[in-house]
Number of protein chains: 2
Amino acid sequence: MSTATPPLRLEPFKVACSNCNLRELCLPVGMSNDQLLKLDTLVSTRRTVQRGDTLFRSGEAFQSLYAVRTGFFKTCVASEDGRDQVTGFQMAGELLGLDGIGTERHTCDAVALEDSQVCIIPFHQLEDLSREVSDLQRQFHRIMSREIVRDHGVMLLLGSMRAEERLAAFLLNLTQRLQSRGFSASELILRMTREEIGSYLGLKLETVSRTFSKFQDEGFLEVKQRQIRILDQDGLQRLVNGANC
Amino acid sequence: MSTATPPLRLEPFKVACSNCNLRELCLPVGMSNDQLLKLDTLVSTRRTVQRGDTLFRSGEAFQSLYAVRTGFFKTCVASEDGRDQVTGFQMAGELLGLDGIGTERHTCDAVALEDSQVCIIPFHQLEDLSREVSDLQRQFHRIMSREIVRDHGVMLLLGSMRAEERLAAFLLNLTQRLQSRGFSASELILRMTREEIGSYLGLKLETVSRTFSKFQDEGFLEVKQRQIRILDQDGLQRLVNGANC
DNA sequence: CGCTGTGTTGAAGGATGTCAATTACCGTGG
DNA sequence: CCACGGTAATTGACATCCTTCAACACAGCG
């Protein structure tokens, strides 16, 4: 009771990358079974994060990366004057904490948007192992690079797209990631509020809501609060590509 | 004459990280002399890029990272429909090409904004060496992580700041980086057009121009085309922090 | 069953974009 | 050295998209 300030739930059992159904999406990609066993020794702990709780906060010392095992997160950065910006949404198989490597401090908050579980990846041990296992090294570099590419895509979105295009791109991106995790390509439940979507897309929540309604009126979507059914994926794709201009 | 399609200028002489005046800003940070000698064997070639020429283009095979030795670059991504977005400006000591690691293809264009020189860093050799030299590994990871953090900062800017705040933040960032390279904190010459600034900041060139004029009227800057003199750095900083709201 | 957080919708205003005219600058060639 | 042409930058007037403010609806939960 009197130990850690935030009451962590650690689960030191049954954790093994070698046996994880996310291994085709996560850090283990491209590794042999032998190599995976080495990774298992490193990734030995999970942590449960309740909906609304933070996995880490900006300013905290950086120790580990986290792989989302189940659930859904957002990351957000804050400027000095209190504005904040959602920089991403993370789902199963995606890594959290890469921002902390550079300064040994986290530079954003990671908040669970539903009850979630993450695997803890002690970073310095990961660096050690990736000096031995070049396939691990390669995959880790790929993941970081892809994060940079993703960020560039968000910049493109924020810098040059209009509200409809932004929301369409956002939805297509979400469904694509869900689909590669075995979920439906056409039905999804949003785990975030309109405000969080708006923050990510550089829009106000009212604009997000209006745009959802517009998409519904135009037959692209069926929207019931956070339940979304995509009726015309191609239409959304055309929107993103600016075919309406 | 009939060799390479883009006429590359390679300069295989006199290249040595161990002896480079940028080593406190670049990949060698934190490495011992012994380690630097190993890095020298890897980074043995430079390339000259004329103003307006591209160092690499989106879609090209990724082989190497590039460290800016002299000059100035922009990177831009393009969407399918031709819109494009400047994702960054790079100056001496900064790395180009990190986006290409994930897919083995470059995902953006890198264009020299003035006559420039880069050091070529063959990436797979860098991976090999960074498995031997943990200080190199660590610095490389730091650099990638900081790029992610930088991108998050740009998202914050694009997603939640108004035109004046964006331009002020941009100018402060530029001068800070120039200052850490030994240049004046108050005088700078912009190497990019208003349109390129606008693309980076998610604004139209006219808005950039108007905002420069406004800053001049309000006594923050002296603007003569691309020559900028900063008269009130604190005022700009206050703008960024939203003190005027 | 009412409270609270979330989402929707309308009307009005404001910041930025668009279009167009003018000016400044720079390299080139007379 | 100066004239010229083309690119870049500035500025104004107007249009548009998004935000702001406000009222209301809905859902989940004590």
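**Close-up views of cysteines and aromatic rings**

**View 1. Cys26(A) in the predicted model.** Cys26(A) is buried, with a relative accessible area of 12%. The structure shown is a predicted model. Cys26(A) takes part in no disulfide; the nearest cysteine sulfur belongs to Cys20(A) and lies 6.6 Å away. A disulfide would require the two sulfur atoms to be within 2.5 Å.

**View 2. Cys26(B) and its nearest cysteine sulfur.** Cys26(B) is buried, its relative accessible area being 11%. For Cys26(B), the nearest cysteine sulfur is that of Cys17(B), at 6.6 Å, and Cys26(B) is in no disulfide. Over all chains, the number of disulfides is zero.

**View 3. The ring pair Phe72(B) and Phe89(B).** In the pair formed by Phe72(B) and Phe89(B), the ring centres are 6.2 Å apart and the planes meet at 25°, so the pair is stacked. Phe72(B) belongs to strand β4 (residues 64-78) of chain B, and Phe89(B) to strand β5 (residues 84-91) of chain B; the pair therefore ties together parts that are 17 residues apart in sequence. Both Phe72(B) and Phe89(B) are buried. A pair of aromatic rings is described by the distance of the centres and the angle of the planes.

**View 4. An aromatic cluster in chain A.** One aromatic cluster is formed by Phe72(A), Phe89(A), Phe170(A) and Tyr200(A).

Key:
Residues numbered from 1 in each chain as written. Chains lettered and ligands numbered in written order. Predicted model: local features only at pLDDT ≥ 70, side-chain atom pairs only at ≥ 80, totals over all residues. Heavy atoms only, no water. Phe/Tyr/Trp six-rings, centres within 6.5 Å; stacked < 30°, edge-to-face > 60°. Helix = DSSP H or I, 4+ residues; strand = E, 2+ residues; numbered from the N terminus. Buried < 20%, exposed > 50% of the residue type's maximum accessible area, 1.4 Å probe, protein only.
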